[in-house]
Amino acid sequence: MERPVFTGLSHVCIFVDNVEKAFVYYKRILNANPRQYLPHWKNKGFFMAGGFIKEAEDADVSIGFMDVPGTKLTLELMCYHYPKGRQLPVFFHANDISGARHIALKVSNIEAAFEYIKAQSDVTLINTTEEYKVFQISRTEPSEFIFFDQEKENNPQAKREAADILGNTKYFYFLDRYGLQWEFEQGHTDIGD
């Protein structure tokens, strides 16, 4: 059996209560740019592929796409008008099991980004105490991780460089109004784009 051949990231889907309001929201907190909008889309094949076989004839959804500048991330904002699901977001703790837990975006101004997000009335920092702030990962030693690439694993300089990058990474987490957890990070230059 042939395995899938991946060519890139398509999008991250976020279920929202109103796509037009979500466009404004994600423009404000992520500077995301709206790209496409399908208001009250009634597409039988779409709903059948989504598992709504019996409801496909009457199903109704609005879908918006936004691009996050400086990344290759596209957000898909989806609001089901029919059939309706749960209407309140579920807010998970950082250590809860179930589903994707967060989306991480790289920033070059982590402290300013933290203050900006903290000032938003419709986001919640992952920890709401006064002590929560941007934190830096503690010094990491090469012996604390393993490269699966044996050449890198056997290269002390590559291990030291990776440990130093990790130990210089700063980040914080927040939940948006739809229950999606975000991480803003600075310094983790050896992963992602």
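Trainee: What ground rules apply here?
Mentor: The model is predicted, so to speak of local features we need pLDDT of at least 70, and side-chain atom pairs count only at pLDDT 80 or more, while totals for chains, interfaces and linings use all residues. Residues are numbered from 1 along each chain as its sequence is written, and side-chain values use heavy atoms, with hydrogens and water left out.

Trainee: What does the chain average in pLDDT?
Mentor: The average is 90, and 99% of the residues score at least 70. pLDDT is the predictor's confidence in each residue, from 0 to 100.

Trainee: Where is confidence lowest, and where highest?
Mentor: Lowest in helix H2 (residues 44-49), with a mean of 85. Highest in helix H1 (residues 19-30), at 96. Helices (H or I, at least four residues) and strands (E, at least two) are DSSP runs, numbered from the N terminus.

Trainee: Is Cys-79 buried or exposed?
Mentor: Buried, with a relative accessible area of 4%. Cys-13 is partly exposed, at 29%. Buried means under 20% relative accessible area, exposed over 50%, partly exposed in between (1.4 Å probe, protein chains only).

Trainee: Back to H1. What span should it have?
Mentor: Its twelve residues should span 16 Å at 1.5 Å a residue, and the end C-alpha atoms are 15 Å apart, which agrees. The expected span is 1.5 Å times one less than the number of residues.

Trainee: Which H1 residues are buried?
Mentor: Val-19, Ala-22, Phe-23, Tyr-25, Tyr-26, Ile-29 and Leu-30.

Trainee: And what is at the start of H1?
Mentor: A side-chain oxygen of Asn-18 comes within 3.0 Å of the backbone nitrogen of Glu-20. Just after H1, Asn-31 has a positive phi of about 60°.

Trainee: Strands now. How do S8 and S9 pair?
Mentor: Strand S9 (residues 181-186) pairs with S8 in the antiparallel sense, over six bridges. Phe-172 has Phe-184 in S9 as its bridge partner. Two strands pair if DSSP finds at least two bridges between them.

Trainee: What is in the turn?
Mentor: S8 and S9 form a hairpin with five residues between them, and Gly-179 in the turn has a positive phi of about 90°.

Trainee: Which strand do two bridges join to S6?
Mentor: S8 (residues 170-175), running antiparallel to S6 (residues 124-125). Leu-125 stands opposite Phe-174 there.

Note on methods: A polar contact is a pair of N or O atoms within 3.5 Å; within protein, one must be able to donate a hydrogen and the other to accept it, and residues adjacent in sequence count only if both atoms are side-chain atoms.
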